[in-house]
Amino acid sequence: QVQLVESGGGLVQTGGSLTLSCAASGSIFSLGIMAWYRQAPGKQRDVVARISDDGGAFYADSVKGRFTISRDNAKNAVSLQMSSLKPEDTAVYYCNAMVQTSSRLIFTAYWGQGTQVTVSS
């Protein structure tokens, strides 16, 4: 079993900043790509940013230059620093990790429970 626990969501005004954190625990042999997704009411869940185990990062166009993803491989953790927040960033943010749970080269996707980010105008 693998658990992803998120923290750091909340209410912030337009232009403000928040940092989301996610820690993975359980039967982890190694972690592959870690990512943050978000889902606004009535919309599909979309990737916000993802980071490979060697630090290579990808960002959705809508957050480039405002969000920064980072990871701490020693702590099995990933963070998302969000700045210059806009009302359209309001969503539930989910942590995602590709986890290898044994010496077999098979990765399984795990999700956190989600954390609400609300940006007021």
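Buried, in these notes, means under 20% relative accessible area. I'm working from a predicted model, so I keep that in mind throughout.

**Entry 1: Ser52**

Is Ser52 buried or exposed? Its relative accessibility comes out at 17%, so Ser52 counts as buried. Next I looked up what Ser52 touches. Leaving aside neighbours within four places in sequence, I found Ser52 in contact with Ile33 and Arg71.

**Entry 2: the sheet with β1**

Then I went through the strands. I found an open sheet of 4 strands, in the order β1-β3-β8-β7, with antiparallel pairing. Which strands sit at its edges? They are β1 (2-7) and β7 (67-72), and each of these pairs on one side only. I also checked the angle: on average, and with direction ignored, neighbouring strands of this sheet are turned by 15° against each other.

I zoomed in on β1 and its partner β3 (residues 18-26). The two run antiparallel and are joined by 6 bridges. To see this in the structure, I picked out Val2, which stands opposite Gly26 in β3.

Strand β9 (residues 91-100) took up a page of its own. How many of its 10 residues are buried? I got 8, so I wrote the strand down as mostly covered.

I listed the pairings of β9 that I looked up:

- With β4, β9 runs antiparallel, and 8 bridges join the two. Here I found Trp36 opposite Cys95 in β9.
- With β10 (residues 107-111), β9 pairs in the antiparallel sense over 5 bridges. Ala97 stands opposite Tyr110 in β10.
- With β11 (residues 115-120), the pairing is antiparallel too, over 3 bridges. The bridge partner of Tyr93 in β11 is Thr115.

I also traced the chain from β9 into β10: a hairpin joins them through 6 residues.

**Entry 3: the largest pocket**

Last, I looked for empty space. Rolling a probe the size of a water molecule over the atoms shows where such space is left. The largest pocket holds about 170 Å³ of space. Which of its 14 lining residues are closest to the centre? I noted Arg38, Ala40, Lys43, Asp46 and Glu88. Two elements give two or more residues to the lining, namely β4 (30-39) and β5 (46-51). The largest share, 3 residues, comes from β5. Sorted by class, the lining has 6 nonpolar, 4 polar and 4 charged residues.

Technical notes: Residues are numbered from 1 along each chain as its sequence is written. This is a predicted model: local features need pLDDT of at least 70, side-chain atom pairs count only at pLDDT 80 or more; totals for chains, interfaces and linings use all residues. Side-chain values use heavy atoms; hydrogens and water are left out. On a 1 Å grid over the protein atoms alone, a cavity is a set of points where a 1.4 Å probe fits but cannot get out, and a pocket is an open set with protein on both sides within 12 Å along at least five of seven lines; lining residues have an atom within 4 Å of a point. Grid points are joined across faces, edges and corners, and a volume is the space filled by probe spheres set on the points. Ala, Val, Leu, Ile, Met, Phe, Trp, Tyr, Cys and Pro count as nonpolar, Asp, Glu, Lys and Arg as charged, and the others, Gly among them, as polar. Two strands pair if DSSP finds at least two bridges between them. Axes are lines fitted to C-alpha atoms, for helices over the stretch in contact, and angles run from 0 to 180 degrees between N-to-C directions. Buried means under 20% relative accessible area, exposed over 50%, partly exposed in between (1.4 Å probe, protein chains only). Contact means heavy atoms within 4.5 Å.
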